[in-house]
Amino acid sequence: MPQFGSFALLLALAFGVYALGAGIFALLRPGLAADRLGESARRAGIAVFVAVTAAAVALVVAAFQDDFSVAYIFHHSNRDLPLPYKFSALWSGQEGSLLFWAWLLSAYGFVLRLRHKVDPRLVAHAAVVLSAVQVFFLMLVNFAAHPFSMMAGPAPADGNGLNPLLQYPEMVIHPPMLYLGYVGMTVPFAFALGALIMKYPGEKWIHITRRWTMVTWMFLTVGIFLGGHWAYSVLGWGGYWGWDPVENASLLPWLTGTAFLHSVIMQEKRGMLKMWNMWLIFATFLLCIFGTFLTRSGVVSSVHAFAQSSIGTWFVAFLALTLVSCVFFFIKNYSYLKSENRLESLISRESSFLFNNLLFLVACFAVLWGTLFPVLSEWVQGTKATVGAPFFNRVMIPIGLLLLFLTGVGPLLAWRKTSLESLKRNFTIPAVAAGVIAVALMIGGMRPWQDISYFYALMAVALAVFVAVTVGSEFLRGARVIRSHTGMNLAAAMVQLTRRNTRRYGGYIVHFGVVVLFIGFAGYAFNQDKEQELGLGDKMDIGRYTLVSRSYTRDFQPNYESDYAILDVYRNGTFLQTMYPERRFYTASQQDATMVANRSTWREDLYLVYAGRNPDTDRPIIRAHLNPLVVWVWAGVYIVVFGTLVALVPNLQVAAAKVRATAPELAAVAAGSREGGD
Amino acid sequence: MKPVVGGRWSVSCRLKRSAQVMVVCMAAILLMGAGDDARFNKLGHKMMCACGCRQILLECNHVGCSYSDRMRDELSTALTRGDSDDLVVQAFVQKYGPTVLAAPPATGFNLVAWVMPFAVLFSALGFAVLVVLRWKQRAPAAAPDSTSPELEAMRLRARRETEL
């Protein structure tokens, strides 16, 4: 099987090089022969997918067969490892995850090449760019990080096992989701660069790119969310985001991708920000590669980075080459990207998009700056400064709040220019609602002057209400118009409204998800934690809860031994439930891992960690965290994903046409103001 | 402050007195020393565990971590001894090196870490405002005056009915 996998990888590289070379020749010399050459390049691209799939399958089969003669399987699997984790071993280590990356890229390329009739010439250009990226990753897995390297000497009887932290259900899907997002960003990049190279007329490429970007952005969002949820459930430190360099690496392309999804509306509606959008796409792709480089090169230390290796040099070279290509074609075809319109007012929808974009980019810069500052400080001062959560929280929270404010302001502004009167009219209700909530919270006991984190929490909730009222009023206003013409009830009218302009209202749903997310973030300011030795029958109080230690016990599984505490939980004296925080010891890797016990409600999470035994007293130690509003964070992400899915659904044209027929005068107005649609 | 006839305070006097009382109360709340628990929590979140796990001191959850337990004890002892926050932080930096701080101190070159994101933020916002104002000046004179009531009404109507 390893020989088969190695051969498949070499074959994939050969097909990839052919697809790239033939694709370039076909584009340089148009004609009948070139068409045939282009078609053969397209088929070679499809063959790459087949070959890389064969290699990936070979690695998974080797894991299932416990073939420890393959070094990668020896290092990332063992005989007692449950089957799903043997499967996930494919992306658990450096070499396997690069193979997985190459496979995903080939799969995206496969879909792209199958759908080439959308626009054969544009797809041919995009396919060449995609092939270039594909060749890079195939070279990596063939020459720098070979997943089928053999062990020296006879095959060991058992493997080292998978990192215990990765033996968690979410870890089976978190990396694929993240990679789908990372790798998927190659497709919009390929379309953008392809369109720039060929000076593609019109904005069709933007339509194609936007959908791809939205899909991959959604995967990236889900991947980041699953990572946060995994960290919360497994790492046992009581939080979901620690501003670790690897977490930051995933956030960087997400921020620029989000900026692009907003600013692309400007290009579609007003023919503006063409250069900006082009560079946002370039930056998003480059940041995906840069993030991969950060994770794998050992440039920055992280709790969940891959082992340090020499592949960093490959990534630096690839990044440099990509950047030079982007700059070259940008300078060459600069005139193609001139704006058709200009901004006319500071108070307009266009401006709000511009400022929104700037804030996303500043946020991206701040994260990148904080992540790389240790390297810079070591270079300048000789000592590596630590840049942890306190830095990022202090820098990113104000930027996040400004972004939240703009999320509410944007929809209230008209395209081109907004008068003061309309501003007053649109702002009054959301602003009053936000003010009322802020006062109510202060009356309820929130003291923003006592601590800056309370102030931020108050601002977050008030702004969240501001945005929620804005979003709600947008839905209500549109639904009322539909109701007045169709007689539907308000809820049905809202559904109808959303189906008619899925992108706009899907976007609003996403914004509503962001509101819920920020409310969840606000809860962080009120986290409590406590650690205590808890012998049998001992009690521990935290917030409204009392924990009573009932027993401690041990369990043996083929793959691990587990110690767990049995704790009865009371709230205000009333028994609620029994919780079982657990500590596992994985025998193959000789490593510990925590299994957190969590009681989650909309109000707060009671999060219990069995921290082990005090070496001096041998008494068990329990660490309890009371984390308010964490469920809101997860709920917010679900809403964001739902909104994105809604935005991806095509508009309901038929129904719209029917209503147009019954209300021709309104349809005329709507058609005239179509650009106000987003 | 003047009491008026009959020993009663005028409305303005009462308002002033209330404001003074509020200011004194707020100052008392703000200036009241935080308890040792709060200080322990605050300082413990400003420092990293020195074991290399890259976790905040109070969040390090390694069983048998030879650093975090000892460091927490040292922090607790220093607070019980009555050391000021600065003194505690300095002692930790001297013992474990500057990397024990979870965020770079705002001094020397490290100040750049704090200044740069906000400098970029304000520069970007300022630049954007300038660009918009410049574009606005260059905008074609024939551009419709959107502040006219008729156009505004049409816009509002169009905005309401875009969905149709």
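**Exercise 1.** Decide whether A:L534 is buried or exposed.

*Solution.* Start by counting: A:L534 has 21 C-beta neighbours inside 10 Å. Next, apply the cut-offs: a residue is buried if 20 or more other C-beta atoms lie within 10 Å of its own, exposed if 12 or fewer, and partly exposed in between, with C-beta atoms placed from the backbone. A:L534 therefore counts as buried.

A word on the model before we continue: it is predicted, so local features need pLDDT of at least 70 and side-chain atom pairs count only at pLDDT 80 or more, while totals for chains, interfaces and linings use all residues. Residues are numbered from 1 along each chain as its sequence is written, and chains are lettered from A and ligands numbered from 1 in the order in which they are written.

**Exercise 2.** Find where A:L534 sits in chain A, and which residues it is in contact with.

*Solution.* First, the place: A:L534 belongs to the loop between strand 1 (528-533) and strand 2 (539-542). Strands (E, at least two residues) and helices (H or I, at least four) are DSSP runs, numbered from the N terminus. Then, the contacts, meaning C-beta atoms, placed from the backbone, within 7 Å: setting aside neighbours within four places in sequence, A:L534 touches A:M540, A:S549, A:P620 and A:I622.

**Exercise 3.** Work out how strand 10 of chain A (residues 620-628) is joined to strand 1 and strand 9 of chain A.

*Solution.* Begin with strand 1 of chain A: 6 bridges join it to strand 10, and the two run antiparallel. One bridge pairs A:Q528 with A:L626. Now take strand 9 (residues 604-613) of chain A, which pairs with strand 10 in the antiparallel sense over 9 bridges; strands pair if DSSP finds at least two bridges between them. Here A:E604 has A:P628 as its bridge partner.

**Exercise 4.** Say why strand 10 of chain A is described as largely enclosed.

*Solution.* Count its buried residues: 7 of the 9 residues in strand 10 of chain A are buried, so the strand is largely enclosed by the rest of the structure.

Definitions and conventions: Contact = placed C-beta atoms within 7 Å.
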